[in-house]
Amino acid sequence: QKVNAYFRQTLFPVQPQKDHKVDLSQIEAGPLPLIPVLPLFEKATGEGEGEGAASVLMTRNDFDLFMAEFKRGVDAKCADIDKALPHPETAAAEAKKLISVQEGKLLYLLMLIRSLSTAIGDGLNYIENMIRKQVIAAIGKEVGVSDMAEYMRFHNRKLFSPSFAPRPFCYDVRRGDGDYGPEGLLSLESLQSSAETGDP
């Protein structure tokens with residue numbers, strides 16, 4: 001994105017539009033090719049023999065078809081850019097113009113790479129969210145901080161003997177050497193929801 005901005009906002013404005021007479025909108029015109037980065041799952045039927053008979057993954061043939069369609073779309077767009085922008089030798093002959101088909105293809109490929117990276121992030125977020133929902137459904141609830149604290153207390157009771165088990169930080173505050181009753185309580189408590197009592 002920074003390279004794209006450099007070309008469009010810093011480099012290309014050096015050459016006035018009246019000198020190059022090139023429609024830069026042709027670089028972004030039209031839809032992008034098929035983005036072959038998708039979280040696709042195929043339901044296994046268990047029938048037949050072969051690479052994808054017992055797998056939820058796409059077969060190699062399906063993958064090759066996606067890549068072939070992606071390559072076809074990129075080649076078609078590069079051919080359109082070839083027709084819309086001058087070639088390097090033509091641009092050099094015409095007072096060394098900055099904008100040629102090479103810069104146009106570079107900007108298009110950068111835009112395509114940005115779309116691919118966005119699709120990868122969206123796909124990973126979709127898969128993570130799907131797994132999260134499955135884990136919550138299997139447990140029966142969404143695990144929070146209080147659940148982990150309760151589990152660690154249970155685990156510590158099994159791990160440590162009573163003399164070495166961690167004790168809650170909770171002490172009486174009194175004057176003297178025990179001649180007076182406690183005047184207060186000092187403790188560290190975990191934050192709980194409004195319906196629960198804080199545990200020391």
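Guide: The turns below take the features in order, from the chain as a whole to single pairs of side chains. This is a predicted model, in which local features need pLDDT of at least 70 and side-chain atom pairs count only at pLDDT 80 or more, while totals for chains, interfaces and linings use all residues. Residues are numbered from 1 along each chain as its sequence is written, and side-chain values use heavy atoms, with hydrogens and water left out.

Visitor: How many helices and strands does the protein chain have?

Guide: Helices (H or I, at least four residues) and strands (E, at least two) are DSSP runs, numbered from the N terminus. The protein chain has six helices and two strands, and along the sequence they follow the pattern α-α-α-α-α-α-β-β.

Visitor: What share of the residues of the protein chain counts as buried?

Guide: Burial is read from relative accessible area: buried means under 20%, exposed over 50%, and partly exposed in between, with a 1.4 Å probe and protein chains only. Of the 200 residues of the protein chain, 16% count as buried.

Visitor: What span does α5 reach, and what span is expected?

Guide: The expected span of a helix is 1.5 Å times one less than its number of residues. With 39 residues, α5 reaches 57 Å from its first C-alpha to its last, close to the 57 Å expected. Among the buried residues of α5 are Val 101, Leu 107, Tyr 108, Met 111 and Gly 123. Just after α5, Gly 140 takes a positive phi of about 105°.

Visitor: Which residues make the nonpolar surface patch?

Guide: Patches are made of residues with over 30% relative accessible area and no salt bridge; like charges are joined within 9 Å, and nonpolar side chains (Val, Leu, Ile, Met, Phe, Trp, Tyr) within 5 Å. Accessible areas come from the Shrake-Rupley method with a 1.4 Å probe, and for residues only the protein chains shown count as cover. Here Ile 131, Val 135, Ile 139, Val 143, Met 148, Tyr 151, Met 152 and Phe 154 make a nonpolar patch of about 720 Å². The elements giving two or more residues to the patch are α5 (101–139) and α6 (145–159). The most comes from α6, with four residues. Phe 154 has its place in helix α6 and is partly exposed at 42% relative accessibility.

Visitor: How many salt bridges are counted?

Guide: A salt bridge is a side-chain nitrogen of Lys or Arg within 4 Å of a carboxyl oxygen of Asp or Glu. By this rule the count is six.

Visitor: Where do Arg 72 and Glu 69 lie?

Guide: An α-helix has 3.6 residues a turn, so residues three or four places apart point the same way. Arg 72 and Glu 69 both lie in helix α3 (residues 60–84), three residues apart, about one turn of the helix. Their salt bridge has its closest N and O atoms 2.9 Å apart. Arg 72 is partly exposed at 49%, and Glu 69 is partly exposed at 31%.

Visitor: Which parts does the pair of Lys 105 and Asp 82 tie together?

Guide: The side chains of Lys 105 and Asp 82 meet in a salt bridge at 3.3 Å, N to O. Lys 105 lies in helix α5 and Asp 82 in helix α3, so the pair ties together parts 23 residues apart in sequence. Lys 105 is partly exposed at 26% relative accessibility, and Asp 82 is partly exposed with a relative accessible area of 26%.

Visitor: What separates the closest N and O atoms of Glu 142 and Arg 132?

Guide: These closest atoms of the salt bridge between Glu 142 and Arg 132 are 2.6 Å apart. Glu 142 lies in the loop between α5 and α6 and Arg 132 in helix α5, so the pair ties together parts 10 residues apart in sequence. Glu 142 counts as exposed at 51%, whereas Arg 132 is partly exposed at 41%.

Visitor: How many aromatic pairs are there?

Guide: A pair of aromatic rings is described by the distance of the centres and the angle of the planes. Rings of Phe, Tyr and Trp (its six-membered ring) pair if their centres lie within 6.5 Å; planes under 30 degrees apart count as stacked, over 60 as edge-to-face and the rest as tilted. The count comes to one aromatic pair. The rings of Phe 169 and Tyr 171 have centres 5.2 Å apart and planes at 80°, so the pair is edge-to-face. Phe 169 is partly exposed at 37%, and Tyr 171 is partly exposed at 46%.
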